[in-house]
Amino acid sequence: LADTLAAAGYVRGEVPARCLATLAACACVHLDIAERQATLAARAARRSSLLSLRLAAHHAVAAYRLTIGDRTPAKRELRLALEELTMASRLGGAGDADAGLATHAREIERLLVQVAATERQPMRALTWMERAVDAVLPPRPALPPAEIKP
(Lines give C-alpha, C1' and ligand atoms only; values in the text may rest on other atoms or scores of the structure.)
Protein backbone atom coordinates (compact mmCIF):
# COMPACT_ATOMS: atom_id res chain seq x y z
CA LEU A 1 0.00 0.00 0.00
CA ALA A 2 2.76 2.43 0.95
CA ASP A 3 4.58 1.79 -2.33
CA THR A 4 1.37 2.43 -4.28
CA LEU A 5 0.76 5.67 -2.39
CA ALA A 6 4.37 6.73 -2.98
CA ALA A 7 4.06 5.99 -6.71
CA ALA A 8 0.95 8.18 -6.78
CA GLY A 9 2.84 10.98 -5.00
CA TYR A 10 0.47 10.93 -2.02
CA VAL A 11 2.85 11.63 0.89
CA ARG A 12 -0.03 12.17 3.35
CA GLY A 13 -0.97 8.53 2.94
CA GLU A 14 2.46 7.09 2.33
CA VAL A 15 4.09 8.19 5.59
CA PRO A 16 1.44 6.80 7.96
CA ALA A 17 1.32 3.56 5.96
CA ARG A 18 5.09 3.17 6.19
CA CYS A 19 5.09 4.05 9.89
CA LEU A 20 2.43 1.43 10.63
CA ALA A 21 4.38 -1.09 8.58
CA THR A 22 7.51 -0.27 10.59
CA LEU A 23 5.77 -0.76 13.92
CA ALA A 24 4.11 -3.99 12.78
CA ALA A 25 7.40 -5.34 11.45
CA CYS A 26 9.13 -4.45 14.75
CA ALA A 27 6.42 -6.29 16.69
CA CYS A 28 6.82 -9.35 14.45
CA VAL A 29 10.64 -9.09 14.52
CA HIS A 30 10.92 -8.66 10.75
CA LEU A 31 13.76 -6.22 11.19
CA ASP A 32 14.76 -5.96 7.53
CA ILE A 33 11.24 -4.85 6.63
CA ALA A 34 11.11 -2.49 9.63
CA GLU A 35 14.39 -0.86 8.62
CA ARG A 36 13.31 -0.34 5.00
CA GLN A 37 9.91 1.10 5.93
CA ALA A 38 11.35 3.38 8.64
CA THR A 39 13.97 4.70 6.22
CA LEU A 40 11.39 5.34 3.50
CA ALA A 41 8.98 6.94 6.00
CA ALA A 42 11.68 9.35 7.17
CA ARG A 43 12.64 10.21 3.59
CA ALA A 44 9.03 10.88 2.60
CA ALA A 45 8.32 12.90 5.77
CA ARG A 46 11.27 15.21 5.01
CA ARG A 47 9.50 16.15 1.76
CA SER A 48 6.41 17.21 3.69
CA SER A 49 5.68 20.41 5.57
CA LEU A 50 3.19 18.59 7.84
CA LEU A 51 4.36 18.29 11.43
CA SER A 52 2.21 15.22 12.06
CA LEU A 53 4.00 13.31 9.28
CA ARG A 54 7.43 14.29 10.58
CA LEU A 55 6.46 13.22 14.12
CA ALA A 56 5.12 9.89 12.85
CA ALA A 57 8.39 9.26 11.02
CA HIS A 58 10.49 10.19 14.08
CA HIS A 59 8.39 7.77 16.11
CA ALA A 60 8.79 4.94 13.60
CA VAL A 61 12.55 5.39 13.26
CA ALA A 62 13.04 5.65 17.03
CA ALA A 63 10.89 2.56 17.64
CA TYR A 64 12.90 0.59 15.08
CA ARG A 65 16.20 1.75 16.56
CA LEU A 66 15.10 0.80 20.08
CA THR A 67 13.92 -2.59 18.81
CA ILE A 68 17.39 -3.38 17.47
CA GLY A 69 19.06 -1.92 20.58
CA ASP A 70 20.63 1.03 18.76
CA ARG A 71 19.98 3.62 21.48
CA THR A 72 22.06 6.56 20.23
CA PRO A 73 20.18 7.03 16.93
CA ALA A 74 16.90 6.38 18.77
CA LYS A 75 17.69 9.16 21.23
CA ARG A 76 18.60 11.46 18.33
CA GLU A 77 15.20 10.82 16.70
CA LEU A 78 13.43 11.45 19.99
CA ARG A 79 15.30 14.72 20.48
CA LEU A 80 14.27 15.83 16.99
CA ALA A 81 10.66 14.93 17.78
CA LEU A 82 10.85 16.92 21.02
CA GLU A 83 12.18 19.94 19.13
CA GLU A 84 9.28 19.71 16.70
CA LEU A 85 6.76 19.37 19.55
CA THR A 86 8.28 22.33 21.38
CA MET A 87 8.06 24.44 18.25
CA ALA A 88 4.42 23.42 17.76
CA SER A 89 3.51 24.33 21.33
CA ARG A 90 5.21 27.73 20.98
CA LEU A 91 3.24 28.47 17.83
CA GLY A 92 0.00 27.69 19.61
CA GLY A 93 -2.63 25.22 18.58
CA ALA A 94 -3.46 24.17 15.10
CA GLY A 95 -7.18 23.64 15.57
CA ASP A 96 -8.29 20.20 14.48
CA ALA A 97 -4.68 19.14 14.04
CA ASP A 98 -4.13 19.42 17.81
CA ALA A 99 -5.73 16.04 18.45
CA GLY A 100 -3.42 14.39 15.94
CA LEU A 101 -0.38 16.11 17.38
CA ALA A 102 -1.37 15.07 20.90
CA THR A 103 -1.61 11.46 19.73
CA HIS A 104 1.87 11.62 18.22
CA ALA A 105 3.14 13.36 21.36
CA ARG A 106 1.82 10.51 23.53
CA GLU A 107 3.58 7.94 21.32
CA ILE A 108 6.82 9.91 21.56
CA GLU A 109 6.27 10.13 25.32
CA ARG A 110 5.90 6.35 25.52
CA LEU A 111 9.25 5.87 23.78
CA LEU A 112 10.87 8.48 26.03
CA VAL A 113 9.66 6.55 29.09
CA GLN A 114 11.08 3.37 27.55
CA VAL A 115 14.45 5.09 27.12
CA ALA A 116 14.34 6.44 30.68
CA ALA A 117 13.51 3.01 32.09
CA THR A 118 16.66 1.53 30.56
CA GLU A 119 19.06 4.32 31.56
CA ARG A 120 21.71 3.19 34.00
CA GLN A 121 22.43 6.64 35.40
CA PRO A 122 19.64 8.07 37.58
CA MET A 123 20.13 11.68 36.45
CA ARG A 124 19.88 10.71 32.80
CA ALA A 125 16.74 8.72 33.54
CA LEU A 126 15.27 11.74 35.33
CA THR A 127 16.14 13.99 32.38
CA TRP A 128 14.39 11.64 29.93
CA MET A 129 11.34 11.41 32.21
CA GLU A 130 11.14 15.21 32.37
CA ARG A 131 11.34 15.34 28.59
CA ALA A 132 8.54 12.80 28.41
CA VAL A 133 6.30 14.89 30.65
CA ASP A 134 7.04 18.03 28.64
CA ALA A 135 6.45 16.23 25.32
CA VAL A 136 2.69 15.98 25.58
CA LEU A 137 1.04 19.08 24.28
CA PRO A 138 -1.36 20.66 26.77
CA PRO A 139 -4.92 19.61 25.95
CA ARG A 140 -7.21 22.28 24.59
CA PRO A 141 -10.61 22.36 26.24
CA ALA A 142 -13.57 21.44 24.08
CA LEU A 143 -15.90 24.41 24.07
CA PRO A 144 -19.52 24.41 23.00
CA PRO A 145 -20.47 26.49 19.98
CA ALA A 146 -21.29 30.14 20.68
CA GLU A 147 -24.90 29.52 19.71
CA ILE A 148 -26.73 26.25 20.07
CA LYS A 149 -29.59 25.92 17.61
CA PRO A 150 -32.41 23.48 18.37
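Of the 19 residues that form the largest nonpolar core, L55, L78, I108, L111, L112 and W128 touch the most other members. A nonpolar core is a set of buried Ala, Val, Leu, Ile, Met, Phe, Trp, Tyr and Cys residues joined through side-chain atoms within 4.5 Å, and buried means under 20% relative accessible area (1.4 Å probe, protein chains only). Helices are DSSP runs (H or I, at least four residues), numbered from the N terminus.

Another core, of 10 residues, lies apart from it and includes C19, A44, A45 and A56.

This is a predicted model, in which local features need pLDDT of at least 70 and side-chain atom pairs count only at pLDDT 80 or more, while totals for chains, interfaces and linings use all residues. Residues are numbered from 1 along each chain as its sequence is written, and side-chain values use heavy atoms, with hydrogens and water left out.

Among the buried residues of α2 are V11, V15, C19 and C26. The buried residues of α2 pack against α1 (2–7), α3 (31–46) and α4. Helices α2 and α3 pack at an angle of about 155°, with axes 8 Å apart; axes are lines fitted to C-alpha atoms, for helices over the stretch in contact (heavy atoms within 4.5 Å), and angles run from 0 to 180 degrees between N-to-C directions. Just after α2, V29 takes a positive phi of about 60°.

Definitions and conventions
Buried < 20%, exposed > 50% of the residue type's maximum accessible area, 1.4 Å probe, protein only. Helix = DSSP H or I, 4+ residues; strand = E, 2+ residues; numbered from the N terminus.
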